Amino acid sequence: MIISVKNLVKRYGNLVALDHLSFDVEEGEILGLLGPNGSGKTTAINCILSLLKYDKGEIRIFGRPMRPDAYDIKRDIGVIMQNVAVFDELTVYENINYFCGLYIPEKEKRKRLVEEAIDFVGLNDFRRFYPKKLSGGLLRRLNIACGIAHKPKLILLDEPTVAVDPQSRNNILEGIQRLNREGATIVYTSHYMEEVEQICSRIIILDKGKVIANGTKEELKNMISLGEKITVETSAIHPEHLAALRRIPGADSVEYANGLLVVKSGKSKNNLENVLDFLKKQQIGYGRIYSELPTLNDVFLEITGKELRD
Amino acid sequence: MFFHIFTNRLKCLLRDRMMIFWTLLFPILLAVFFNMSLRNIASSETFRPVPAAVVNDAGYQKNAGFRSALKSVSEGKDKIFSLTETTRKNAERLLEDGKIAGYLTVGDKIKIVVNRSDFDQSIIKSFVDSYLQTSSAAESILKANPPARSGLSAGLSGETDYLKAVSGGSADPDPSLNYFYSLIAMACLYGGFWGMKEVMDIQANQSRRAARVNLAPVRKLKTFLSGMAASLAIAFAEMLVLLAFLRFALNLNFGPKAGLVIFTSFVGSVVGLSFGAFLSSLVKAGENMKVGILISGTMFCSFLSGMMYQDMKYIVEKNAPVLGYLNPVNLLTDSFYCLYYYDTYGRYLLNIGLLGAFVLLFCAGTYFVIRREKYASL
Ligand SMILES: Nc1ncnc2c1ncn2[C@@H]1O[C@H](COP(=O)(O)OP(=O)(O)OP(=O)(O)O)[C@@H](O)[C@H]1O
Ligand SMILES: [Mg+2]
């Protein structure tokens with residue numbers, strides 16, 4: 001086991017940010033910590049790293065208790081903070097070299113690693129740039145390079161893609177998967193369910209400092225009753241149509257608002273055909289029509305009664 | 001590891017323009033400004049002897065040593081006093097009319113009578129002080145070691161010794177020097193900017209960079225001290241630049257003890273650095289707040305030690321001497337002053353000792369904040 005968190009409690013004054021949080025991270029996985037804003041993701045990461053004092057709980061990394069002076073543990077950890085943390089007075093190259101040097105004293109080895117990190121994030125053309133001159137996406141990449149240049153065995157990333165354009169985001173996500181393939185265990189926090197679905201081998205959903213679900217994305221989606229969601233763009237739905245639709249077997253919920261008809265049904269109840277038949281029979285005109293499998297948002301919605309993102 | 005952190009800190013610090021402005025350019029600009037306005041004053045009146053009187057009575061006549069000492073500094077081109085020997089009554093009247101800065105009476109003790117306290121009065125006082133210092137030191141040696149008498153009395157009767165003590169060895173008394181001394185002292189304290197930055201870059205709850213540095217497998221104190229070493233190197237180098245500028249560009253004469261002047265600036269840099277670090281550990285508010293406190297605090301201390309208005313130093317000395325001892329800028333100013341005006345080191349060492357105490361206090365305070373490695377909130 002790479003990380004073990006047991007019964008972690010962290011309060012900020014009266015606010016309970018982490019409420020008996022427990023979870024493990026296994027070697028080689030990409031664990032996603034998914035949760036809405038304020039659910040305690042950053043707090044959890046900072047507690048794990050021994051930056052924050054916590055009220056209760058036990059944290060072990062690589063099987064050993066984590067403490068601020070556990071340097072042998074820290075040596076193998078790479079962290080990418082939620083907020084860009086680099087020196088404005090140092091260039092791209094110097095920043096990576098500085099942070100890498102805190103882990104790798106040997107000059108030759110360090111030089112090689114810094115070059116690799118620059119290649120990895122694709123900042124070769126910008127090595128002499130000061131952070132102030134970098135765009136948001138490039139800055140994020142620098143932030144990542146500073147965290148991983150020393151080739152850590154465990155990498156924690158706290159929302160590394162916030163405010164990054166889609167292309168840079170894909171670069172970053174691919175990079176993370178590459179690091180994982182090269183052997184690093186990854187903890188990835190985000191409130192973007194798409195990202196988490198895309199790269200994580202296991203997902204923990206957090207809400208109000210508690211684990212509310214834990215498993216692969218298939219497992220999570222199986223936890224809930226929703227099986228399929230059909231959306232129809234149409235402007236000609238009357239209340240009697242709705243009543244009729246609700247009589248379709250397995251249609252658990254039928255709603256109509258803003259020109260969108262949404263029919264939700266339980267698992268393995270393929271209702272798309274039934275809905276289409278109905279529309280044809282009633283001669284209701286429609287635009288696009290699509291059927292979706294449940295998302296992590298639906299999982300979150302069903303467990304907590306609220307949207308993951310609002 | 002030390003070297004890695006040290007060199008990178010040097011880069012970081014030297015590229016911070018705001019810091020360089022406050023710690024180097026600002027003092028130099030201020031010095032140029034002082035120089036211009038003081039040269040204007042100096043050209044209209046060069047050093048003016050202090051008008052003083054001495055009560056010419058039996059006590060005065062009896063104390064030949066003092067009499068000849070006083071006379072020797074009241075004669076010639078470089079005289080310190082324009083002296084009137086007169087009766088007590090007349091002296092009182094002269095003082096009341098503002099014709100003299102003060103008068104002396106010589107009885108069992110030498111007394112100084114002045115109306116207010118400013119630069120002129122303090123010259124009278126420091127003359128008497130140094131006379132007493134030299135002569136009483138002589139007396140105590142005489143009692144303990146009679147054979148030394150012949151050598152000593154030669155030294156005493158050759159008034160040159162305390163003459164020197166007052167007029168600063170080979171240097172002429174230059175009242176404008178005090179402005180520059182407090183300016184140097186101020187620049188030392190502005191070295192606090194560096195200490196402030198070091199703390200912000202090591203305390204995870206003060207900056208994101210610091211949080212990242214805290215995650216590295218390096219002892220926090222080691223990182224901090226390596227950075228402080230870089231800061232000290234820069235702060236002291238800046239002091240050397242400032243001193244060189246004052247000496248060679250503005251032609252300021254620091255007197256014969258150049259080595260000690262440099263040493264005192266080094267002590268000043270350490271004081272400034274530890275002061276900034278201490279301030280930065282205490283005040284968690286943002287950088288602007290810290291900079292504000294550092295600048296206004298230093299400016300206030302400099303004001304009290306006479307940087308804007310020279311007599312301020314003497315006003316504080318007279319009305320609230322404790323304040324003088326609690327003001328690091330004043331202690332530094334006074335140290336430079338002692339080096340220039342006194343041949344003896346008692347007062348200088350006292351100042352340096354007090355500054356050392358300040359450094360200890362600041363360092364201890366900083367250490368107690370720095371050594372914490374986990375934070376309640378980031
Ligand atoms: N320094 C702090 N002082 C007081 N409360 C805090 C502090 N930091 C976080 N909190 C609170 O603790 C809770 C958890 O915050 P945290 O930053 O860990 O959430 P998060 O999941 O990382 O959110 P986000 O997605 O916005 O980054 C929030 O309610 C937040 O308001
Ligand atoms: Mg967060």
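1. In this predicted model, Phe81(B) touches a set of residues that, once its neighbours within four places in sequence are left aside, consists of Pro49(B), Val50(B), Ala52(B), Leu70(B), Val73(B), Ser74(B), Ile123(B), Ile124(B) and Phe127(B). Phe81(B) is also listed among the residues with the most contacts inside the largest nonpolar core, together with Ile3(A), Ile61(A), Ile77(A), Ile96(A) and Leu246(B).

2. That core has 189 residues, and its largest share, 12 residues, is contributed by helix 9 (residues 177-190) of chain B. As background, nonpolar side chains tend to be buried together in soluble globular proteins.

3. For helix 1 (residues 2-14) of chain B, the length can be checked against expectation: its 13 residues, at 1.5 Å a residue, should span 18 Å, and the end C-alpha atoms are 18 Å apart, which agrees. The buried residues of this helix are His4(B), Ile5(B), Phe6(B), Asn8(B), Arg9(B), Cys12(B) and Leu13(B).

4. Helix 13 (residues 258-282) of chain B packs with helix 17 (residues 328-341) of chain B at an angle of about 175°, the axes being 10 Å apart. Because angles over 145 degrees count as roughly antiparallel, the two helices are described as roughly antiparallel to each other. On the side of helix 13 of chain B the contact is made by Leu260(B), Val261(B), Thr264(B), Ser265(B), Gly268(B) and Val271(B), and on the side of helix 17 of chain B by Pro328(B), Leu332(B), Ser335(B), Phe336(B) and Leu339(B).

5. Asn327(B) is found in the loop between helix 16 (321-325) and helix 17 of chain B. Its relative accessibility is 4%, so Asn327(B) counts as buried, the cut-off for that term being under 20%. Apart from neighbours within four places in sequence, Asn327(B) is in contact with Cys301(B), Leu304(B) and Ser305(B).

Methods:
Residues numbered from 1 in each chain as written. Chains lettered and ligands numbered in written order. Predicted model: local features only at pLDDT ≥ 70, side-chain atom pairs only at ≥ 80, totals over all residues. Heavy atoms only, no water. Core = buried A, V, L, I, M, F, W, Y, C linked by side-chain atoms within 4.5 Å. Buried < 20%, exposed > 50% of the residue type's maximum accessible area, 1.4 Å probe, protein only. Helix = DSSP H or I, 4+ residues; strand = E, 2+ residues; numbered from the N terminus. Contact = heavy atoms within 4.5 Å. Expected span 1.5 Å × (residues − 1). Axes fitted to C-alpha atoms, helices over the stretch in contact; angles between N-to-C directions. Parallel < 35°, antiparallel > 145°, perpendicular 65-115°, else oblique.
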